[in-house]
Amino acid sequence: MQFLAKTQTLNRPWEPLFIPSFNSYATDSEDLKLCPCRTLRIYINRTKYIRKSNRLFVTYQKNHHKEASKDSIARWIVNTVRYAYENADKDTLKTVRAHDTRRLSTAWALFCGASAEEILKAAHWTSETTFTSFYLKDVPDHQSTFAKSAILVSFKRGRQK
């Protein structure tokens, strides 16, 4: 195995995460352009001649294509988040780190109704305390008490089934 994430072990491999195509529920043509499945297919097709391995991401400098390093990918994520904030006329975050997307996406999933079990599986966490302690730390105390309680109750209920 070439790479292990910090939450991954040889005894506990990653499970596939299903991301549905927007075609199954979006009707607006502009929304369909944002479909991650469509975007991935286009990217793979456009980079197939410059990719020299089975690694997904490659650098795009003219005449110098190689596997993208984790630092390059992190920089792309940060630049994309900054760009999104600037073009949405929102105050840009004071500091943006690539790892912030993990915190934001899991918290967003929780507040949009995903179960604690689904969040833990997608994030490859074994304990709900990782999420409540480290990823809900920016939620104000009066809101985090409820959120943390909801996670713990939801997770315990899921384990009893």
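This is a predicted model: local features need pLDDT of at least 70, side-chain atom pairs count only at pLDDT 80 or more; totals for chains, interfaces and linings use all residues.

Me: What makes up the largest nonpolar core?

Reply: Six residues are listed for the largest nonpolar core, 6 residues in all: Leu 110, Ile 119, Leu 120, Ala 123, Trp 125 and Phe 131. The term applies because a nonpolar core requires buried residues of nonpolar type joined through side-chain atoms within 4.5 Å. Helix α5, residues 116–123, supplies the largest share of this core, with 3 residues. As background, nonpolar side chains in soluble globular proteins tend to be buried together.

Me: How do you know that the buried residues of α5 line one face of the helix?

Reply: The buried residues of α5 are Ala 116, Ile 119, Leu 120 and Ala 123. Viewed down the helix axis, these buried residues fall within an arc of 95°, so they line one face of α5.

Me: Which residue just after α5 takes a positive phi?

Reply: That residue is His 124, with a phi of about 60°.

Me: Why is the contact between Lys 33 and Glu 30 called a salt bridge?

Reply: The closest N and O atoms of Lys 33 and Glu 30 are 3.1 Å apart. The rule asks for a side-chain nitrogen of Lys or Arg within 4 Å of a carboxyl oxygen of Asp or Glu, so the name applies. By this rule the count comes to 2 salt bridges.

Me: Why are Lys 33 and Glu 30 called partly exposed?

Reply: Lys 33 has a relative accessibility of 46%, and the relative accessible area of Glu 30 is 46%. Buried means under 20% and exposed over 50%, so a value in between is called partly exposed.

Me: What makes Arg 55 and Glu 67 a salt bridge?

Reply: Their closest N and O atoms are 3.4 Å apart, and the limit is within 4 Å, so the pair qualifies. Arg 55 and Glu 67 are 12 residues apart, both in the loop between α2 (36–47) and α3 (70–87). Arg 55 counts as partly exposed at 34% relative accessibility, as does Glu 67 at 40%.

Me: Which residues form the nonpolar patch on the surface, and how do you know that Phe 57 is accessible enough?

Reply: The patch consists of Leu 40, Ile 44, Leu 56 and Phe 57, with about 300 Å² of accessible area together. Phe 57, in the loop between α2 and α3, has a relative accessible area of 35%.

Conventions. Residues are numbered from 1 along each chain as its sequence is written. Side-chain values use heavy atoms; hydrogens and water are left out. Buried means under 20% relative accessible area, exposed over 50%, partly exposed in between (1.4 Å probe, protein chains only). Helices (H or I, at least four residues) and strands (E, at least two) are DSSP runs, numbered from the N terminus. The arc is that of the directions from the helix axis to the C-beta atoms. Patches are made of residues with over 30% relative accessible area and no salt bridge: like charges are joined within 9 Å, nonpolar side chains (Val, Leu, Ile, Met, Phe, Trp, Tyr) within 5 Å. Accessible areas come from the Shrake-Rupley method with a 1.4 Å probe; for residues, only the protein chains shown count as cover.
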